[in-house]
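Please look over the sequence and the model shown here before reading on. The paragraphs that follow lead from helix packing to the chain as a whole, then to its loops and its partner.

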Amino acid sequence: MVSSRVKKINNAGYWFILPALILFSFLLILPMINAFRLSLFKWDLLGAKIWIGLKNFRNLLRDEDFLDSWGRTLYYTFLSAGILIVLSFSFALMLDSRKLKARNLFQSIYFVPVVLVTPAIAVVWKLMFQTTGVLNAIVSLFFKTSIPWLDSERIALYSIILVQVWVSVGYYMVMFIAGLQNIPEELHESAMIDGASWLRRLFAITIPLLRPTIILVLVTCIIFVFGQFPIPYVISQGGPNYATELLTLFIYKNAFKYLKVGYSSAVTVFYFLTMLLFSIIQIRIFQERER
Amino acid sequence: MASHGKTKEIITRVAHYLVVILIGLVILFPFIWMVLGSFKFNKDILDIPVKLLPPEWNFSSYRNAFASGPFGRYYLNSVVVLVAAVGLNISICTTAGYGFSKYRFKGRDLFFTIILSTLMVPIHAVIVPLFVLMKRIGLVNTYLGIILPLSLSAFGVFLMRQFFYAVPNELLEAARIDGAGEFRIFRMVGMPLSRVAVVSLIIFHSQYVWKNLIWPLVIVSGTDLRTLPVGIALFSGVFFTPYPDQLAMSVSACIPLVILYLFFSKYFIRGTALAGIKG
(Lines give C-alpha, C1' and ligand atoms only; values in the text may rest on other atoms or scores of the structure.)
Protein backbone atom coordinates (compact mmCIF):
# COMPACT_ATOMS: atom_id res chain seq x y z
CA MET A 1 0.00 0.00 0.00
CA VAL A 2 2.80 2.33 0.94
CA SER A 3 4.69 1.51 -2.23
CA SER A 4 1.70 2.33 -4.43
CA ARG A 5 1.45 5.72 -2.75
CA VAL A 6 5.17 6.33 -3.30
CA LYS A 7 4.81 5.26 -6.91
CA LYS A 8 1.91 7.62 -7.43
CA ILE A 9 3.93 10.49 -5.98
CA ASN A 10 6.92 9.60 -8.14
CA ASN A 11 4.81 9.63 -11.27
CA ALA A 12 4.26 13.34 -10.68
CA GLY A 13 7.89 13.64 -11.78
CA TYR A 14 6.80 13.08 -15.39
CA TRP A 15 4.59 16.14 -15.24
CA PHE A 16 7.44 18.27 -13.93
CA ILE A 17 9.87 17.32 -16.67
CA LEU A 18 7.28 17.24 -19.45
CA PRO A 19 7.52 20.90 -20.60
CA ALA A 20 11.31 20.74 -20.77
CA LEU A 21 11.27 17.37 -22.51
CA ILE A 22 8.79 18.56 -25.15
CA LEU A 23 10.60 21.83 -25.90
CA PHE A 24 14.09 20.32 -25.97
CA SER A 25 12.98 17.44 -28.20
CA PHE A 26 10.99 19.63 -30.51
CA LEU A 27 13.41 22.57 -30.84
CA LEU A 28 16.83 20.93 -30.59
CA ILE A 29 16.74 17.13 -30.92
CA LEU A 30 14.26 17.04 -33.81
CA PRO A 31 16.18 19.67 -35.86
CA MET A 32 19.39 17.73 -35.24
CA ILE A 33 17.81 14.63 -36.74
CA ASN A 34 16.22 16.66 -39.49
CA ALA A 35 19.62 18.02 -40.53
CA PHE A 36 20.58 14.48 -41.62
CA ARG A 37 17.39 14.17 -43.69
CA LEU A 38 17.69 17.61 -45.30
CA SER A 39 21.30 16.93 -46.26
CA LEU A 40 20.06 14.32 -48.76
CA PHE A 41 18.13 16.88 -50.81
CA LYS A 42 18.81 19.74 -53.15
CA TRP A 43 16.52 22.52 -51.99
CA ASP A 44 16.35 26.29 -52.35
CA LEU A 45 13.76 26.73 -49.56
CA LEU A 46 11.07 27.88 -52.01
CA GLY A 47 10.69 25.20 -54.70
CA ALA A 48 10.36 21.43 -54.37
CA LYS A 49 12.92 19.29 -52.59
CA ILE A 50 14.90 17.10 -54.97
CA TRP A 51 16.33 13.86 -53.59
CA ILE A 52 20.00 13.56 -54.49
CA GLY A 53 21.24 10.99 -51.95
CA LEU A 54 24.78 11.56 -50.74
CA LYS A 55 25.72 13.93 -53.53
CA ASN A 56 25.90 16.91 -51.16
CA PHE A 57 28.56 15.13 -49.14
CA ARG A 58 30.51 14.19 -52.25
CA ASN A 59 30.46 17.81 -53.38
CA LEU A 60 31.37 18.93 -49.90
CA LEU A 61 34.58 16.93 -49.86
CA ARG A 62 35.58 18.49 -53.17
CA ASP A 63 34.59 22.02 -52.22
CA GLU A 64 37.77 23.88 -51.35
CA ASP A 65 35.85 26.74 -49.77
CA PHE A 66 34.28 24.29 -47.35
CA LEU A 67 37.46 22.39 -46.60
CA ASP A 68 39.31 25.68 -46.04
CA SER A 69 36.57 26.94 -43.78
CA TRP A 70 36.56 23.72 -41.77
CA GLY A 71 40.34 23.65 -41.37
CA ARG A 72 40.39 27.35 -40.55
CA THR A 73 37.74 26.86 -37.87
CA LEU A 74 39.72 24.01 -36.30
CA TYR A 75 42.86 26.16 -36.32
CA TYR A 76 40.91 29.11 -34.90
CA THR A 77 39.38 26.90 -32.20
CA PHE A 78 42.58 25.28 -30.99
CA LEU A 79 44.65 28.45 -31.11
CA SER A 80 41.96 30.51 -29.31
CA ALA A 81 41.31 27.76 -26.77
CA GLY A 82 45.04 27.35 -26.11
CA ILE A 83 45.61 31.07 -25.60
CA LEU A 84 42.42 31.39 -23.57
CA ILE A 85 43.32 28.58 -21.18
CA VAL A 86 46.85 29.80 -20.56
CA LEU A 87 45.79 33.43 -20.13
CA SER A 88 42.70 32.81 -18.03
CA PHE A 89 44.63 30.43 -15.78
CA SER A 90 47.44 32.99 -15.35
CA PHE A 91 44.94 35.74 -14.60
CA ALA A 92 43.22 33.48 -12.08
CA LEU A 93 46.52 32.78 -10.32
CA MET A 94 47.34 36.49 -10.33
CA LEU A 95 43.97 37.60 -8.98
CA ASP A 96 43.35 34.81 -6.49
CA SER A 97 46.52 35.62 -4.55
CA ARG A 98 45.99 36.49 -0.90
CA LYS A 99 48.65 39.14 -1.19
CA LEU A 100 46.48 41.16 -3.56
CA LYS A 101 44.20 43.68 -1.93
CA ALA A 102 40.95 44.64 -3.66
CA ARG A 103 41.07 41.40 -5.63
CA ASN A 104 37.28 41.34 -5.93
CA LEU A 105 37.47 44.72 -7.67
CA PHE A 106 40.12 43.46 -10.09
CA GLN A 107 38.15 40.29 -10.78
CA SER A 108 35.09 42.41 -11.57
CA ILE A 109 37.12 44.58 -13.96
CA TYR A 110 38.59 41.58 -15.78
CA PHE A 111 35.07 40.19 -16.18
CA VAL A 112 33.64 43.34 -17.83
CA PRO A 113 34.08 42.23 -21.49
CA VAL A 114 31.98 39.12 -20.74
CA VAL A 115 29.07 41.35 -19.76
CA LEU A 116 29.15 43.51 -22.91
CA VAL A 117 27.01 42.75 -25.97
CA THR A 118 29.35 40.94 -28.37
CA PRO A 119 27.99 42.36 -31.67
CA ALA A 120 28.10 45.88 -30.17
CA ILE A 121 31.65 45.54 -28.96
CA ALA A 122 32.64 43.96 -32.28
CA VAL A 123 31.61 47.25 -33.94
CA VAL A 124 34.07 49.01 -31.62
CA TRP A 125 36.90 46.60 -32.46
CA LYS A 126 36.17 47.03 -36.16
CA LEU A 127 36.71 50.78 -35.81
CA MET A 128 39.82 50.30 -33.68
CA PHE A 129 41.26 47.96 -36.35
CA GLN A 130 40.99 50.56 -39.14
CA THR A 131 44.20 51.78 -40.80
CA THR A 132 43.91 55.14 -39.06
CA GLY A 133 42.38 53.59 -35.95
CA VAL A 134 43.56 53.72 -32.39
CA LEU A 135 45.40 50.36 -32.41
CA ASN A 136 47.69 51.48 -35.21
CA ALA A 137 48.27 54.73 -33.34
CA ILE A 138 49.48 52.67 -30.38
CA VAL A 139 51.61 50.44 -32.63
CA SER A 140 53.20 53.50 -34.26
CA LEU A 141 54.31 54.74 -30.84
CA PHE A 142 56.71 51.79 -30.68
CA PHE A 143 57.35 50.84 -34.29
CA LYS A 144 57.51 52.89 -37.46
CA THR A 145 54.82 50.87 -39.15
CA SER A 146 51.13 50.13 -39.13
CA ILE A 147 49.43 46.74 -39.13
CA PRO A 148 46.76 45.89 -41.74
CA TRP A 149 44.59 44.25 -39.07
CA LEU A 150 41.65 43.47 -41.32
CA ASP A 151 43.04 44.09 -44.80
CA SER A 152 45.65 41.37 -44.89
CA GLU A 153 44.58 37.79 -45.53
CA ARG A 154 47.44 36.59 -43.37
CA ILE A 155 46.62 38.77 -40.36
CA ALA A 156 42.82 39.08 -40.31
CA LEU A 157 42.19 35.72 -38.63
CA TYR A 158 44.60 36.62 -35.82
CA SER A 159 42.79 39.92 -35.33
CA ILE A 160 39.57 37.97 -34.89
CA ILE A 161 41.31 35.65 -32.42
CA LEU A 162 42.47 38.71 -30.48
CA VAL A 163 38.86 39.85 -30.10
CA GLN A 164 37.75 36.32 -29.18
CA VAL A 165 40.35 36.13 -26.43
CA TRP A 166 39.49 39.60 -25.12
CA VAL A 167 35.76 38.77 -25.04
CA SER A 168 36.06 35.43 -23.23
CA VAL A 169 39.15 35.47 -21.03
CA GLY A 170 37.30 36.84 -17.97
CA TYR A 171 34.72 34.08 -18.19
CA TYR A 172 37.20 31.23 -18.00
CA MET A 173 39.24 33.14 -15.42
CA VAL A 174 36.23 33.10 -13.08
CA MET A 175 35.79 29.36 -13.67
CA PHE A 176 39.45 28.83 -12.76
CA ILE A 177 39.19 31.02 -9.65
CA ALA A 178 36.21 28.93 -8.48
CA GLY A 179 38.35 25.83 -8.99
CA LEU A 180 41.35 27.34 -7.18
CA GLN A 181 39.22 28.19 -4.18
CA ASN A 182 38.21 24.53 -3.89
CA ILE A 183 41.82 23.52 -3.19
CA PRO A 184 42.36 23.24 0.57
CA GLU A 185 44.74 25.89 1.87
CA GLU A 186 46.46 23.37 4.20
CA LEU A 187 48.02 21.55 1.26
CA HIS A 188 49.91 24.68 0.24
CA GLU A 189 50.84 25.48 3.81
CA SER A 190 52.30 22.08 4.54
CA ALA A 191 54.18 22.09 1.23
CA MET A 192 55.61 25.49 2.10
CA ILE A 193 56.80 24.16 5.44
CA ASP A 194 58.58 21.43 3.49
CA GLY A 195 60.28 24.21 1.54
CA ALA A 196 58.54 23.70 -1.80
CA SER A 197 58.93 26.67 -4.15
CA TRP A 198 56.00 28.46 -5.77
CA LEU A 199 56.68 26.79 -9.11
CA ARG A 200 56.96 23.35 -7.52
CA ARG A 201 53.66 23.81 -5.68
CA LEU A 202 52.03 24.95 -8.92
CA PHE A 203 52.95 21.73 -10.71
CA ALA A 204 52.68 19.35 -7.76
CA ILE A 205 49.48 20.64 -6.12
CA THR A 206 47.55 23.28 -8.04
CA ILE A 207 47.50 21.84 -11.55
CA PRO A 208 46.83 18.18 -10.61
CA LEU A 209 44.02 19.15 -8.24
CA LEU A 210 42.59 21.54 -10.80
CA ARG A 211 42.31 18.84 -13.45
CA PRO A 212 38.49 18.62 -13.44
CA THR A 213 38.26 22.41 -13.90
CA ILE A 214 40.89 22.42 -16.65
CA ILE A 215 39.03 19.71 -18.57
CA LEU A 216 35.71 21.47 -18.06
CA VAL A 217 37.11 24.82 -19.25
CA LEU A 218 38.62 23.07 -22.26
CA VAL A 219 35.32 21.42 -23.20
CA THR A 220 33.20 24.56 -22.67
CA CYS A 221 35.73 26.70 -24.50
CA ILE A 222 36.03 24.43 -27.54
CA ILE A 223 32.25 24.09 -27.94
CA PHE A 224 31.82 27.85 -27.61
CA VAL A 225 34.68 29.00 -29.81
CA PHE A 226 34.00 26.44 -32.56
CA GLY A 227 30.54 27.99 -33.05
CA GLN A 228 31.76 31.59 -33.03
CA PHE A 229 29.60 33.77 -35.26
CA PRO A 230 29.10 37.43 -34.23
CA ILE A 231 32.77 38.45 -34.16
CA PRO A 232 33.67 37.55 -37.77
CA TYR A 233 30.17 38.45 -38.97
CA VAL A 234 30.33 42.02 -37.70
CA ILE A 235 34.04 42.73 -38.07
CA SER A 236 34.95 41.19 -41.41
CA GLN A 237 31.94 39.39 -42.91
CA GLY A 238 34.34 36.50 -43.47
CA GLY A 239 36.75 38.56 -45.56
CA PRO A 240 39.18 39.51 -46.91
CA ASN A 241 38.86 36.74 -49.49
CA TYR A 242 37.34 34.22 -47.02
CA ALA A 243 40.28 34.60 -44.62
CA THR A 244 37.97 34.80 -41.59
CA GLU A 245 35.06 32.72 -42.83
CA LEU A 246 34.44 30.35 -39.94
CA LEU A 247 32.16 27.33 -40.24
CA THR A 248 29.05 28.92 -38.72
CA LEU A 249 29.39 31.87 -41.08
CA PHE A 250 29.82 29.42 -43.96
CA ILE A 251 26.61 27.62 -42.96
CA TYR A 252 24.75 30.91 -42.56
CA LYS A 253 25.81 32.28 -45.94
CA ASN A 254 25.09 29.07 -47.83
CA ALA A 255 21.66 28.63 -46.32
CA PHE A 256 20.33 32.17 -46.19
CA LYS A 257 22.29 34.04 -48.86
CA TYR A 258 22.75 31.40 -51.57
CA LEU A 259 19.65 29.41 -50.48
CA LYS A 260 21.48 26.08 -50.63
CA VAL A 261 19.55 24.46 -47.80
CA GLY A 262 20.47 20.85 -48.52
CA TYR A 263 24.14 21.71 -48.93
CA SER A 264 24.31 23.74 -45.72
CA SER A 265 22.51 20.92 -43.89
CA ALA A 266 25.29 18.62 -45.01
CA VAL A 267 27.77 21.10 -43.52
CA THR A 268 25.66 21.08 -40.34
CA VAL A 269 26.01 17.30 -40.19
CA PHE A 270 29.76 17.81 -40.53
CA TYR A 271 29.57 20.24 -37.63
CA PHE A 272 27.91 17.55 -35.46
CA LEU A 273 30.49 14.97 -36.48
CA THR A 274 33.30 17.31 -35.51
CA MET A 275 31.69 17.89 -32.13
CA LEU A 276 31.26 14.12 -31.70
CA LEU A 277 34.94 13.61 -32.54
CA PHE A 278 35.92 16.25 -29.97
CA SER A 279 33.90 14.60 -27.25
CA ILE A 280 35.26 11.13 -28.04
CA ILE A 281 38.82 12.46 -27.87
CA GLN A 282 38.07 14.29 -24.65
CA ILE A 283 36.50 11.22 -23.03
CA ARG A 284 39.53 9.17 -24.13
CA ILE A 285 41.98 11.62 -22.63
CA PHE A 286 39.91 11.73 -19.48
CA GLN A 287 39.84 7.94 -19.11
CA GLU A 288 43.52 7.58 -19.99
CA ARG A 289 44.53 9.93 -17.20
CA GLU A 290 42.11 8.27 -14.79
CA ARG A 291 44.04 4.99 -14.96
CA MET B 1 69.93 39.14 4.93
CA ALA B 2 66.46 39.59 6.39
CA SER B 3 66.18 43.10 4.94
CA HIS B 4 67.32 41.81 1.56
CA GLY B 5 64.45 39.30 1.54
CA LYS B 6 62.07 42.06 2.54
CA THR B 7 63.14 44.37 -0.32
CA LYS B 8 62.71 41.48 -2.72
CA GLU B 9 59.22 40.85 -1.39
CA ILE B 10 58.26 44.51 -1.77
CA ILE B 11 59.52 44.59 -5.34
CA THR B 12 57.56 41.43 -6.20
CA ARG B 13 54.49 42.95 -4.65
CA VAL B 14 54.75 46.25 -6.54
CA ALA B 15 55.39 44.36 -9.78
CA HIS B 16 52.33 42.18 -9.08
CA TYR B 17 50.13 45.26 -8.64
CA LEU B 18 51.58 46.99 -11.72
CA VAL B 19 50.93 43.98 -13.95
CA VAL B 20 47.40 43.51 -12.59
CA ILE B 21 46.55 47.20 -13.10
CA LEU B 22 48.13 47.35 -16.56
CA ILE B 23 46.22 44.31 -17.81
CA GLY B 24 43.06 45.75 -16.23
CA LEU B 25 43.50 48.94 -18.25
CA VAL B 26 44.07 46.99 -21.47
CA ILE B 27 40.89 45.01 -20.77
CA LEU B 28 38.82 48.11 -20.08
CA PHE B 29 40.23 50.14 -22.97
CA PRO B 30 37.79 49.14 -25.78
CA PHE B 31 34.86 49.87 -23.48
CA ILE B 32 36.22 53.31 -22.55
CA TRP B 33 37.01 54.00 -26.19
CA MET B 34 33.44 53.06 -27.14
CA VAL B 35 31.89 55.42 -24.59
CA LEU B 36 34.19 58.32 -25.54
CA GLY B 37 33.68 57.61 -29.24
CA SER B 38 29.94 57.93 -28.89
CA PHE B 39 30.50 61.56 -27.83
CA LYS B 40 32.80 62.41 -30.75
CA PHE B 41 31.90 63.82 -34.13
CA ASN B 42 32.20 61.56 -37.16
CA LYS B 43 35.33 63.28 -38.46
CA ASP B 44 37.18 62.82 -35.18
CA ILE B 45 36.67 59.07 -34.77
CA LEU B 46 39.22 57.86 -37.31
CA ASP B 47 41.22 61.10 -37.47
CA ILE B 48 45.02 61.20 -37.34
CA PRO B 49 46.58 61.88 -34.90
CA VAL B 50 44.24 59.79 -32.80
CA LYS B 51 42.24 61.69 -30.23
CA LEU B 52 41.26 59.74 -27.16
CA LEU B 53 39.04 62.45 -25.72
CA PRO B 54 36.54 64.15 -28.01
CA PRO B 55 38.03 67.50 -29.22
CA GLU B 56 34.47 68.81 -29.34
CA TRP B 57 31.74 66.98 -27.47
CA ASN B 58 28.90 65.65 -29.57
CA PHE B 59 25.79 65.27 -27.47
CA SER B 60 23.41 64.56 -30.31
CA SER B 61 24.54 61.03 -31.22
CA TYR B 62 22.24 59.41 -28.66
CA ARG B 63 19.31 61.54 -29.76
CA ASN B 64 20.08 60.73 -33.39
CA ALA B 65 20.35 57.04 -32.67
CA PHE B 66 16.94 56.90 -31.07
CA ALA B 67 15.26 59.45 -33.34
CA SER B 68 16.56 58.27 -36.71
CA GLY B 69 14.73 55.15 -37.70
CA PRO B 70 13.66 52.14 -35.73
CA PHE B 71 16.31 51.92 -33.00
CA GLY B 72 13.70 52.51 -30.28
CA ARG B 73 11.70 49.70 -31.79
CA TYR B 74 14.74 47.37 -31.70
CA TYR B 75 15.16 48.22 -28.06
CA LEU B 76 11.54 47.37 -27.31
CA ASN B 77 11.82 44.11 -29.28
CA SER B 78 14.88 43.13 -27.28
CA VAL B 79 13.08 43.81 -24.01
CA VAL B 80 10.04 41.76 -25.06
CA VAL B 81 12.22 38.84 -26.18
CA LEU B 82 14.31 39.06 -23.01
CA VAL B 83 11.38 39.02 -20.61
CA ALA B 84 9.52 36.23 -22.40
CA ALA B 85 12.52 33.99 -23.10
CA VAL B 86 13.96 34.32 -19.59
CA GLY B 87 10.54 33.83 -17.98
CA LEU B 88 9.97 30.68 -20.02
CA ASN B 89 13.49 29.49 -19.30
CA ILE B 90 13.01 29.82 -15.55
CA SER B 91 9.66 27.97 -15.64
CA ILE B 92 11.11 25.10 -17.67
CA CYS B 93 14.35 24.81 -15.73
CA THR B 94 12.86 24.97 -12.23
CA THR B 95 10.11 22.43 -12.94
CA ALA B 96 12.45 20.08 -14.78
CA GLY B 97 15.23 20.45 -12.21
CA TYR B 98 12.72 19.73 -9.45
CA GLY B 99 11.27 16.74 -11.30
CA PHE B 100 14.69 15.21 -12.02
CA SER B 101 15.95 15.59 -8.46
CA LYS B 102 12.90 14.93 -6.29
CA TYR B 103 11.18 11.98 -7.97
CA ARG B 104 12.25 8.51 -9.03
CA PHE B 105 10.53 7.34 -12.18
CA LYS B 106 11.26 5.12 -15.12
CA GLY B 107 13.45 6.65 -17.82
CA ARG B 108 14.52 9.54 -15.60
CA ASP B 109 18.23 9.20 -16.29
CA LEU B 110 17.62 8.65 -19.99
CA PHE B 111 15.52 11.81 -20.28
CA PHE B 112 18.09 13.78 -18.35
CA THR B 113 20.88 12.53 -20.61
CA ILE B 114 18.86 13.54 -23.67
CA ILE B 115 18.46 17.09 -22.39
CA LEU B 116 22.06 17.32 -21.26
CA SER B 117 23.33 16.11 -24.64
CA THR B 118 22.11 19.37 -26.18
CA LEU B 119 24.92 21.13 -24.29
CA MET B 120 27.15 19.93 -27.14
CA VAL B 121 24.88 21.53 -29.73
CA PRO B 122 24.56 25.29 -29.36
CA ILE B 123 21.87 27.06 -31.35
CA HIS B 124 24.56 28.13 -33.87
CA ALA B 125 24.80 24.54 -35.04
CA VAL B 126 21.13 24.01 -35.84
CA ILE B 127 20.07 27.28 -37.46
CA VAL B 128 19.26 25.65 -40.80
CA PRO B 129 17.00 22.76 -39.68
CA LEU B 130 15.52 24.95 -36.94
CA PHE B 131 14.63 27.62 -39.49
CA VAL B 132 13.03 24.98 -41.72
CA LEU B 133 10.97 23.79 -38.75
CA MET B 134 9.90 27.32 -37.84
CA LYS B 135 8.92 27.99 -41.43
CA ARG B 136 6.77 24.89 -41.49
CA ILE B 137 4.85 25.86 -38.35
CA GLY B 138 4.54 29.48 -39.42
CA LEU B 139 6.74 31.09 -36.78
CA VAL B 140 9.14 32.92 -39.11
CA ASN B 141 8.97 36.67 -38.47
CA THR B 142 7.11 36.31 -35.18
CA TYR B 143 8.06 37.10 -31.59
CA LEU B 144 7.30 33.51 -30.62
CA GLY B 145 9.69 32.30 -33.31
CA ILE B 146 12.51 34.37 -31.81
CA ILE B 147 11.64 33.55 -28.20
CA LEU B 148 11.10 29.76 -28.15
CA PRO B 149 14.59 28.57 -29.17
CA LEU B 150 16.26 31.26 -27.03
CA SER B 151 14.39 30.05 -23.95
CA LEU B 152 16.23 26.73 -23.74
CA SER B 153 19.32 26.05 -21.71
CA ALA B 154 20.44 22.58 -20.73
CA PHE B 155 22.79 24.21 -18.26
CA GLY B 156 19.81 25.80 -16.49
CA VAL B 157 18.10 22.41 -16.06
CA PHE B 158 21.36 21.01 -14.75
CA LEU B 159 21.85 23.92 -12.35
CA MET B 160 18.35 23.70 -10.88
CA ARG B 161 18.60 19.92 -10.53
CA GLN B 162 21.85 20.29 -8.57
CA PHE B 163 20.23 22.93 -6.45
CA PHE B 164 17.08 20.97 -5.62
CA TYR B 165 19.17 17.94 -4.64
CA ALA B 166 20.35 20.04 -1.71
CA VAL B 167 16.80 20.77 -0.54
CA PRO B 168 15.98 18.22 2.20
CA ASN B 169 13.22 15.75 1.32
CA GLU B 170 11.85 15.99 4.87
CA LEU B 171 10.49 19.47 4.10
CA LEU B 172 8.53 18.12 1.14
CA GLU B 173 7.36 15.09 3.14
CA ALA B 174 6.06 17.37 5.90
CA ALA B 175 3.99 19.31 3.37
CA ARG B 176 2.70 16.03 1.92
CA ILE B 177 1.49 14.93 5.34
CA ASP B 178 -0.39 18.23 5.54
CA GLY B 179 -2.17 17.07 2.39
CA ALA B 180 -0.64 19.47 -0.13
CA GLY B 181 -0.60 18.42 -3.80
CA GLU B 182 2.73 17.91 -5.60
CA PHE B 183 2.64 21.10 -7.63
CA ARG B 184 1.58 23.09 -4.59
CA ILE B 185 4.56 21.68 -2.66
CA PHE B 186 6.85 22.72 -5.49
CA ARG B 187 5.42 26.24 -5.47
CA MET B 188 5.16 26.79 -1.72
CA VAL B 189 8.22 24.89 -0.49
CA GLY B 190 10.60 24.27 -3.40
CA MET B 191 10.45 27.62 -5.20
CA PRO B 192 10.91 29.94 -2.20
CA LEU B 193 14.00 27.98 -1.18
CA SER B 194 15.51 28.24 -4.65
CA ARG B 195 15.53 32.03 -4.83
CA VAL B 196 19.32 32.42 -4.94
CA ALA B 197 19.73 29.80 -7.67
CA VAL B 198 16.89 31.35 -9.66
CA VAL B 199 18.44 34.84 -9.51
CA SER B 200 21.77 33.41 -10.69
CA LEU B 201 20.03 31.64 -13.56
CA ILE B 202 18.03 34.76 -14.51
CA ILE B 203 21.21 36.80 -14.74
CA PHE B 204 23.09 34.06 -16.56
CA HIS B 205 20.38 33.45 -19.13
CA SER B 206 19.52 37.15 -19.61
CA GLN B 207 23.03 37.75 -20.90
CA TYR B 208 22.65 34.94 -23.42
CA VAL B 209 19.28 36.20 -24.70
CA TRP B 210 20.20 39.89 -24.75
CA LYS B 211 23.45 39.28 -26.66
CA ASN B 212 22.33 36.62 -29.13
CA LEU B 213 22.78 37.71 -32.73
CA ILE B 214 22.50 34.68 -34.96
CA TRP B 215 19.01 33.45 -34.19
CA PRO B 216 17.07 36.74 -34.55
CA LEU B 217 19.21 37.45 -37.62
CA VAL B 218 18.03 34.21 -39.20
CA ILE B 219 14.39 34.14 -38.15
CA VAL B 220 13.54 37.81 -38.83
CA SER B 221 13.60 39.24 -42.34
CA GLY B 222 12.08 42.71 -42.08
CA THR B 223 13.16 45.57 -39.81
CA ASP B 224 10.09 45.48 -37.54
CA LEU B 225 11.16 42.57 -35.36
CA ARG B 226 14.91 43.14 -35.28
CA THR B 227 16.51 42.97 -31.87
CA LEU B 228 19.35 45.25 -30.72
CA PRO B 229 22.25 43.00 -31.77
CA VAL B 230 20.76 42.61 -35.25
CA GLY B 231 20.01 46.34 -35.52
CA ILE B 232 23.57 47.24 -34.56
CA ALA B 233 25.20 44.63 -36.79
CA LEU B 234 23.19 45.70 -39.85
CA PHE B 235 23.32 49.43 -39.15
CA SER B 236 24.56 51.69 -41.91
CA GLY B 237 23.68 55.12 -43.16
CA VAL B 238 22.43 56.00 -46.62
CA PHE B 239 25.64 57.60 -47.91
CA PHE B 240 28.07 56.95 -45.07
CA THR B 241 27.90 55.26 -41.68
CA PRO B 242 27.57 57.77 -38.85
CA TYR B 243 29.97 56.08 -36.44
CA PRO B 244 29.05 58.13 -33.34
CA ASP B 245 25.41 57.08 -33.76
CA GLN B 246 26.45 53.45 -34.15
CA LEU B 247 28.64 53.70 -31.06
CA ALA B 248 25.80 55.38 -29.17
CA MET B 249 23.65 52.36 -30.08
CA SER B 250 26.37 50.01 -28.90
CA VAL B 251 26.66 51.84 -25.59
CA SER B 252 22.86 51.86 -25.19
CA ALA B 253 22.75 48.11 -25.83
CA CYS B 254 25.47 47.42 -23.26
CA ILE B 255 24.22 49.83 -20.57
CA PRO B 256 21.43 47.68 -19.03
CA LEU B 257 23.80 44.75 -18.47
CA VAL B 258 26.58 47.04 -17.23
CA ILE B 259 24.29 48.72 -14.68
CA LEU B 260 22.95 45.34 -13.58
CA TYR B 261 26.56 44.20 -13.31
CA LEU B 262 27.54 47.16 -11.12
CA PHE B 263 24.88 46.20 -8.59
CA PHE B 264 24.89 42.41 -8.88
CA SER B 265 28.43 41.57 -9.97
CA LYS B 266 28.47 38.79 -7.37
CA TYR B 267 25.57 37.06 -9.10
CA PHE B 268 27.16 37.41 -12.53
CA ILE B 269 30.36 35.88 -11.27
CA ARG B 270 28.60 33.25 -9.19
CA GLY B 271 26.61 32.02 -12.20
CA THR B 272 29.86 31.57 -14.11
CA ALA B 273 31.60 29.99 -11.16
CA LEU B 274 28.71 27.52 -10.86
CA ALA B 275 29.27 26.60 -14.48
CA GLY B 276 32.85 25.90 -13.41
CA ILE B 277 32.16 23.44 -10.62
CA LYS B 278 29.47 21.35 -12.20
CA GLY B 279 29.69 17.60 -11.90
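Axes are lines fitted to C-alpha atoms, for helices over the stretch in contact, and angles run from 0 to 180 degrees between N-to-C directions. Two packed helices are described by the angle between their axes and the distance between the axes. Helices (H or I, at least four residues) and strands (E, at least two) are DSSP runs, numbered from the N terminus. This is a predicted model, in which local features need pLDDT of at least 70 and side-chain atom pairs count only at pLDDT 80 or more, while totals for chains, interfaces and linings use all residues. Residues are numbered from 1 along each chain as its sequence is written, and chains are lettered from A and ligands numbered from 1 in the order in which they are written.

Helix α7 (residues 156–180) of chain A packs with α10(A) at an angle of about 155°, the axes being 10 Å apart. α7(A) and α10(A) are therefore roughly antiparallel to each other; angles under 35 degrees count as roughly parallel, over 145 as roughly antiparallel, 65 to 115 as roughly perpendicular and the rest as oblique. The crossing of α7(A) and α10(A) is right-handed, a crossing being right-handed if the near helix is turned clockwise from the far one by less than a right angle, and left-handed if anticlockwise. Residues are in contact if their C-beta atoms, placed from the backbone, lie within 7 Å. From α7(A), A:Gln164, A:Tyr172, A:Met175, A:Phe176 and A:Gly179 meet A:Thr213, A:Val217, A:Cys221 and A:Val225 of α10(A). The contact of α7(A) with α10(A) comprises six nonpolar, three polar and no charged residues. Here Ala, Val, Leu, Ile, Met, Phe, Trp, Tyr, Cys and Pro count as nonpolar, Asp, Glu, Lys and Arg as charged, and the others, Gly among them, as polar.

Helix α10 (residues 211–226) of chain A also meets helix α3 (residues 64–95) of chain A, where the axes come within 9 Å and cross at roughly 140°. α3(A) and α10(A) are therefore oblique to each other, and their crossing is right-handed. Among the residues in this contact are A:Thr73 and A:Leu84 of α3(A), and A:Val217 and A:Phe226 of α10(A).

Chain A as a whole has 13 helices and two strands. Its radius of gyration, taken over C-alpha atoms, is 24 Å, well over the 19 Å that the globule rule (2.2 Å times the number of residues to the power 0.38) gives for 291 residues, so chain A is more spread out than a compact globule. The C-alpha trace of chain A spans about 85 × 75 × 35 Å along its principal axes. Of the 291 residues in chain A, 41% are buried; a residue is buried if 20 or more other C-beta atoms, placed from the backbone, lie within 10 Å of its own, exposed if 12 or fewer, and partly exposed in between.

Most residues other than glycine have a negative phi, and most peptide bonds are trans. The peptide bond from A:Gly239 to A:Pro240 is cis, with omega near -10°, and A:Pro240 is found in the loop between α11 (230–235) and α12 (247–256) of chain A. A:Asn241, in the loop between α11 and α12 of chain A, has a positive phi near 50°. With 9 C-beta neighbours inside 10 Å, A:Asn241 counts as exposed.

Finally, the contact between the chains takes 79 residues from chain A and 74 residues from chain B. Helix α14 (residues 243–276) of chain B gives the most to the side of chain B that touches chain A, with 16 residues.

Definitions and conventions
Two residues are in contact if their C-beta atoms, placed from the backbone, lie within 7 Å.
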